[in-house]
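Thanks for coming, everyone. Please look at the screen while I walk you through this one.

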Amino acid sequence: MRYAKRILVISTITVLLCSFVLVANNISADFSYRIKSFVLSDYKINLGGWMEDVKPVTTEKRYEHAIYTRYDYKKDGRFFRLTIAKIKNGDILYFAENHATPKANKAFLQITVKENEPRYVHMFAPGKPPAWQRWDELPNSLSKAAYVDGQKLFYRIGKAEVYRPLGYTVYEELPYYASDVQVVQNGYTQYKVTLPADSTSMSTAWGILAGHPLINWNEPKAYKKALEIEFEHDKKLRADGAYSIIPENYEPSSKMAFYRNPANGEGLRANDFVSYPAMGSLFMDIATHLAYTAVQSQNEEGYWPTYPRSQWLRREYNIDYAYMDNRRNADNALFLLRYVQQKPDPDIRETLRKWDHYMLRYIDKYSQKAGDKTISFIPDYVGAQNSRRTHTSLNHLAANMNYLLEAYLYDQNPAKKQAASKLFAAIKATKEKWVRPDSNFYYALTPGLMPYPAEDYYKLTHDDLLHSQKLLVLLYGKPSDALQYLITKKEKWMQKHPVPTLTFPDIKTP
């Protein structure tokens, strides 16, 4: 009897500790997840089409705050990948990809939610400003991603996205080839996503399955932040990271193309609510996924390349594909630094260590004497050995200095403080050279410290300098006169050239 009680206690503890469980069925393309229920599954993922009788090759990668499992299905030249990311908070991210193949085919992804008649649905509505469109009933089909709030289950169902791979992490979206998600309610709610592929195109879909709200719709800050990081319109999310609309002067490119952007700006913004689950678990999910994709995509030298080629940088400096953009890298490193302070992880710390090692050598390489001060006027971009030294822009200098100052305040590494002081000295030594006669900034200075003929960002550089000033006050107890001079000049120009203030109304559909 005592032995039976011990088994019962152990079994009860095991069930209580499992916030989510994958139940692998005999069929290789059938997965069940329980998140809220102790016994029955809450969600089910079924794969249909040619993968049904194919046994996948399964690989797993464990991190501190997520477990990634990849299921690769291959048959007769066809390739389908399902990636499941189990976040430590209990949420599940899924990414389905039907890759380009010589023979056209269709794969099917079906999500079954063990709940019917959701309370309400939100969909992203692009605009200036964007907003969330609310529906009180679930439609029969979805032409865009939907955030669904049920009685106990909360989830995001993504639409099918069809792309033509162009190379160098660039994908041209082909929206007219994508079918709507079909919705069936028959006691449960089923979503069927069609994922086509042929010799020149592939398709993807992603979503989140949870047992708590993804977004707190009643909290204005969460409402607005979710708009900023939504991947429905001009940004995309995939298993390997975040994608942005590609600039016109990049190649390969097209008007509807996206490239993998190493800056991870969406992760940086999601970081604000990683430690505030009451805002919704979406922010933890996105920040965690982007943090680990950054770990995976860092190169051997320690930075995150921008893979497509800029025609401008090619023409001006002979910089080819896969170059280093120090602003995008500084933003990504700052994102990882702020994430790891909230969610400690040895893999992320090692990734930052590699970046710091690269960055300190990079700053030392461009160190020089200016009077009795050592400055480092680091170039914005670095290409292969046959490329030329580029210009230096003020926003890049400030962003890299800000990362180093935040990193020093976190770990007290004197090498980072010294490197930041070289960048700060470079800004002080050139403060008057940045200002145009109209009080706006020149976008950049050449290696010879001459103005580079381009427009500065309206607000970005100003905000960078404000943040620099805050960090310097924390470090030295007083603001910098040189930075205040630059801030005042920029604000003088901005006051003469105001932009409309955007508001964020909720759009409701009867």
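Which handedness does the crossing of H4 and H6 have? It is left-handed. By that I mean that the near helix is turned anticlockwise from the far one by less than a right angle; clockwise would be right-handed.

Some ground rules before I go on. This is a predicted model, where local features need pLDDT of at least 70, side-chain atom pairs count only at pLDDT 80 or more, and totals for chains, interfaces and linings use all residues. Residues are numbered from 1 along each chain as its sequence is written, and side-chain values use heavy atoms, with hydrogens and water left out. Helices (H or I, at least four residues) and strands (E, at least two) are DSSP runs, numbered from the N terminus.

Back to that pair. H4 and H6 pack at an angle of about 120°, and their axes are 10 Å apart. The axes are lines fitted to C-alpha atoms, for helices over the stretch in contact, and angles run from 0 to 180 degrees between N-to-C directions. H4 and H6 are therefore oblique to each other. The classes are these: under 35 degrees is roughly parallel, over 145 roughly antiparallel, 65 to 115 roughly perpendicular, and the rest oblique. Who makes the contact? From H4 come Met284, Ala287, Thr288, Leu290, Ala291 and Ala294. From H6 come Asn332, Phe335, Leu336 and Tyr339. Contact means heavy atoms within 4.5 Å.

Now the core. A nonpolar core is a set of buried Ala, Val, Leu, Ile, Met, Phe, Trp, Tyr and Cys residues joined through side-chain atoms within 4.5 Å. Buried means under 20% relative accessible area, exposed over 50%, and partly exposed in between, with a 1.4 Å probe and protein chains only. The largest such core here has 91 residues. Among those with the most contacts inside it are Trp132, Leu282 and Ile348. Helix H4, residues 282-297, gives the most to this core, with 10 residues. There is also a second, separate core of 38 residues, including Phe31 and Leu209.

Take Tyr292 next. Tyr292 sits in helix H4. Is it buried or exposed? Tyr292 counts as buried because its relative accessible area is 0%. Leaving aside residues up to four places away in sequence, its contacts include Tyr63, His65, Tyr68 and Ile348. Ile348, on the same terms, touches Ala291, Tyr292, Val295, Leu336, Tyr339 and Val340. For a sense of distance, Tyr292 and Asp372 are 80 residues apart in sequence and 43 Å apart in space, C-alpha to C-alpha.

Over to H6, residues 326-342, where we find Arg328. Arg328 counts as buried because its relative accessibility is 13%. Its side chain makes a polar contact of 2.9 Å with the side chain of Tyr250. A polar contact is a pair of N or O atoms within 3.5 Å; within protein, one must be able to donate a hydrogen and the other to accept it, and residues adjacent in sequence count only if both atoms are side-chain atoms. Beyond four places in sequence, Arg328 also touches residues including Tyr259, Pro262 and Thr306.

H8 (residues 394-411) and H10 (residues 460-476) pack at about 30°, with axes 9 Å apart. That makes H8 roughly parallel to H10. The crossing of H8 and H10 is left-handed. Residues including Leu394, Met401 and Leu405 in H8 meet residues including Leu460, Leu465 and Leu471 in H10.

One quick stop at H2, residues 220-229. Its buried residues include Ala222, Lys225 and Ile229. Glu219 caps the N-terminal end of H2, with a side-chain oxygen 3.1 Å from the backbone nitrogen of Lys221.

Last, the backbone details. Which peptide bond has omega near 5°? That is the cis bond from Lys128 to Pro129. Pro129 is in the loop between strands E9 and E10. The bond from Glu251 to Pro252 is cis too, with omega near 0°. Pro252 is in the loop between E21 and E22.

Then positive phi. Thr169 has phi near 60° and is not glycine. Thr169 lies in the loop between E14 and E15, and is buried at 17%. Ser439 has a positive phi of about 80°. Ser439 lies in the loop between helix H9 and strand E29, and counts as buried at 5%.
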